[in-house]
Amino acid sequence: MVLVSAVRDYINRMLQDISGMKVLILDSQTVSIVSVVYSQSELLQKEVFLVELVDSIPLSKESMSHLKAVYFLRPTPDNIKQMRLQLGSPRFGEYHLFFSNILEDTQIHTLADSDEHEVVHQVQEFYADFVASDPYHFTLNIPINHIYMLPAVADPSNLQKFCDRVVDGIGAVFLALKRRPVIRYQRTSDIAKRIAQEAAKLMYQKESGLFDFRRMDVSPLLLIVDRRDDPVTPLLNQWTYQAMVHELIGIQDNKVDLRNTGKVPKDQQEVVLSSEQDAFFKDNMYENFGDIGMNIKKMVDDFQQIAKSNQNIQTVEDMAKFVDNYPEYRKMHGNVSKHVMMVTEMSKIVEERKLMLVSETEQELACSGGLAAAFEAVTNLLNNESVSDIDRLRLVMLYALRYEKESPVQLMQLFNKLASKSAKYKPGLVQFLLKQAGVDKRTGDLYGNRDLLNIARNMARGLKGVENVYTQHQPLLFQTMESITKGRLRDMDYPFVGNHFQQGRPQEVVIFVVGGTTYEESRAVALLNASNSGVRFIVGGSVILNSKRFLKDLEEAQKIARSGTNMV
């Protein structure tokens, strides 16, 4: 039930049965799907000598009949239209067409009618319609992610596109895993309910034959939740390696763009950060920032030892040995300098934005009570000239989410101060967040003060002391997974769709977060899976968020809500 290997298997099957020189043709979304699980050198080993985008093919007129074309596309109307054109005047010797999801009958007919030159050798569905960024974490990279915050009447056609893409992605995940789940959703979210119902329709009615896999004793569970149930996690600064890189620099499809970070060697301007391709990253992706520094120092020391022994070349045998080991040596050199560069850049940002100071208050707001102390801490940081505008905004949002009911007067004071300090961010955005994800809108017990068990857990945590003040926060998703593991997820809060109920505790669970996941949540999933709780979790979402993306989605949604009067 590991996503990366499922997608790799599909790509292996696509490429290995077609002998000879190949060109791989992708669309803007399948590029991401392939690039996170397959490296350039692995494609070369499979005799793929060219990778092209499907819409750039018609721009070139030269014939390449010596190449076999392997297409891997999403089955969208645009892509089918492109295929019609390209099959009309074929440039390649053979055409092998693979689609990342279910083709409609009409699309198959269109392709058959277009193949007048009889160059198409096969048409297949390979269900890799999601970006498997980590073994237990996937994303759909949906550009119009802000749509989930708006009511259905605001932009019905884009909302339908969003829901269709999510249902396609979820359907593909279960087809790749060869499972049909029972489906539950978060009761307070209209969009979670809509997606759950549409997914059930796909799996139990429209394509029930395709999803008719061998029955298991206990069906897997698909749980659809809404990002707005936990708006705190995407607002926090992060202190574990993968999450921190995404928060401070940004990760897109497991690549980090370092061009804006000062003088960077040409071959290091964009680096790959993948647990599949980088052993150091795999071992350290969930470690906290302090330990990373130590571990990188050890890696540098090891590398220097190897470099020293390489300088000691005296005989022809030494030279031959060095040449044999050179590719490995170069790879190690690249890896060392990549991690050193990223940690150096992040240390610089932490220092410039005084993030240790800011983050301590964020964690207090997210985890422990104390209204008066929180108000004083946030006020001091708003007055601190070293604190950036975006950090001020996040602090006021975190305070508002925590104390919207208890301290309306102080909240107004913070709004006014924010408006006077940061001209660009009007407090209206904080109110919009409360409208979207305030206490009245949430199902979950975000601050652990509604149910006795959580209050006891928080007290015990307080008594034990926190091992690391910067990483004490746990996402709400962690509590949800604990409830599932213990069989305590309430039917009232998370109803089932249709008459498919769960008998006993599920062993496989996919949680989909409408509005996007965070790397803090994917870390919680990976750690829980490693603890052998008897339940295997996968988490996925419409995008992978950091605070910048979450705030951008909020602003976009607020803009649309304002332009359509009285919609939100």
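**Rings and a pocket**

Helix H14 (residues 389-403) holds both Tyr 399 and Tyr 403, which sit four residues apart, about one turn of the helix. Helices (H or I, at least four residues) and strands (E, at least two) are DSSP runs, numbered from the N terminus. The model is predicted, so local features need pLDDT of at least 70 and side-chain atom pairs count only at pLDDT 80 or more, while totals for chains, interfaces and linings use all residues. Residues are numbered from 1 along each chain as its sequence is written, and side-chain values use heavy atoms, without hydrogens or water.

Rings of Phe, Tyr and Trp (its six-membered ring) pair if their centres lie within 6.5 Å; planes under 30 degrees apart count as stacked, over 60 as edge-to-face and the rest as tilted. The count by this rule is eleven aromatic pairs. The ring centres of Tyr 399 and Tyr 403 are 5.0 Å apart with planes at 55°, so this pair is tilted. Tyr 399 is buried at 0% relative accessibility (under 20% relative accessible area; exposed is over 50%, partly exposed in between, with a 1.4 Å probe and protein chains only). Tyr 403 is also buried, at 5%. Elsewhere, ring pairs join Tyr 10, Phe 98 and Phe 126 into a cluster.

H11 supplies the largest share of the lining, twelve residues.
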